[in-house]
Amino acid sequence: MARALPLYSVVLLVCLLGFGSAGDLNKDLEITWGGDRAKLLDAGNTLTLSLDKGSGSGFQSRNQYLFGKINMQIKLVHGNSAGTVTAYYLRSDESRWDEIDFEFLGNLSGDPYIVHTNIFTQGKGDREQQFYLWFDPTADFHTYSFLWNPQTIIFYVDGTPIREFKNKESKGIPFPKSHPMRLQSSLWNADDWATRGGRVKTDWTQAPFTAAYRNFNADQACIWSTLGSSSCGNGSSKNDSWLSQQLDSAGRQRLKWVQRNYMVYNYCTDSKRFSHGLPPECSV
């Protein structure tokens, strides 16, 4: 039985749930596909994506970022969400792209969501880690965050780190640091693999499936311009301390707590899948 969230994480969770200034999401985000399945509501303070048998839907950030600390609150599809995937990720545009993924894999009513994470460098992923959550992500909004700087990538849920991928280029391991990425999100049907390896299919009688978003915050991020320059390091007064931020001892303890109690898959321990040897970062 997993233990309760430590007190310091509860305090941080309370702070993070209120993080991010409410505002018109249309200023920062644009709907990219799905037609009227994607909607801006509440004077632009809330964005919803829906999936029906005809199509899913998606949006992306208007800006590209080369490093950033990016937060957004999401309330996932409730009820029987089996077969659906709510993807929330950073991705570059190149054919050999970089990508930092949260994917929320739906499940039957009463069964937990799986948080699927992955990191692509130069078009190659295969770095999956999966987790259960310690709360119901469909009952309310929760904050999902990326910290991406030249030293590390950290995935956070309500301020609690669940995954860290350090820059080990000195050991010959690629790290995404050269290509600006855009925040994207989509809700789509993936019942060929998403729930129990594709054994449970989407129940279209439950459609439309809807996820909701609010409080996008990329104030601590380096905006990449079309001229090929960054908003960071140009002498501005913006606080760029996050550019060198890494986990402190308390953060490392929270990370260990999550991975010990809620991790359900780690590519670095899957010797059957990687029969010729685990990826090099797993032994560094």
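The exercises below work through selected features of a predicted model.

Residues are numbered from 1 along each chain as its sequence is written. In this predicted model, local features need pLDDT of at least 70 and side-chain atom pairs count only at pLDDT 80 or more, while totals for chains, interfaces and linings use all residues; side-chain values use heavy atoms, with hydrogens and water left out.

**Exercise 1. Helix α2**

Solution: 
1. Helices (H or I, at least four residues) and strands (E, at least two) are DSSP runs, numbered from the N terminus.
2. Buried means under 20% relative accessible area, exposed over 50% and partly exposed in between (1.4 Å probe, protein chains only).
3. An α-helix has 3.6 residues a turn, so residues three or four places apart point the same way.
4. At the start of α2, a side-chain oxygen of D248 comes to within 3.3 Å of the backbone nitrogen of A250.

**Exercise 2. Strand β6 and its partners**

Task: Determine how many residues of strand β6 (residues 99–105) are buried, and which strands are joined to β6.

Solution: 
1. Seven of the seven residues of β6 are buried, so the strand is largely enclosed by the rest of the structure.
2. In a regular strand the side chains alternate between the two faces of the sheet.
3. From β6, E99, D101, E103 and L105 point one way, and I100, F102 and F104 point the other way.
4. Two strands pair if DSSP finds at least two bridges between them. Strand β5 (residues 84–91) is joined to β6 by seven bridges and runs antiparallel to it; Y88 has F102 in β6 as its bridge partner.
5. Strand β7 (residues 114–120) is also joined to β6 by seven bridges, again antiparallel. The bridge partner of D101 in β7 is N118.

**Exercise 3. Aromatic rings**

Task: Classify the ring pair of F102 and F104.

Solution: 
1. Rings of Phe, Tyr and Trp (its six-membered ring) pair if their centres lie within 6.5 Å; planes under 30 degrees apart count as stacked, over 60 as edge-to-face and the rest as tilted.
2. The whole structure holds 18 aromatic pairs. For F102 and F104 the ring centres are 5.8 Å apart and the planes are at 5 degrees, so the pair is stacked.
3. F102 counts as buried at 0% relative accessibility, and F104 counts as buried at 0%.
4. Ring pairs link Y88, F102, F104, Y144, F146 and F155 into a cluster.

**Exercise 4. Backbone angles**

Task: Where do A43 and N215 lie, and is each buried or exposed?

Solution: 
1. A43 is not a glycine, yet has a positive phi of about 60 degrees. A43 is in the loop between β2 (38–41) and β3 (46–51), and at 73% relative accessibility counts as exposed.
2. N215 also has a positive phi, near 55 degrees, without being a glycine. N215 lies in strand β13 and, at 13% relative accessibility, counts as buried.

Terms used:
A polar contact is a pair of N or O atoms within 3.5 Å; within protein, one must be able to donate a hydrogen and the other to accept it, and residues adjacent in sequence count only if both atoms are side-chain atoms.
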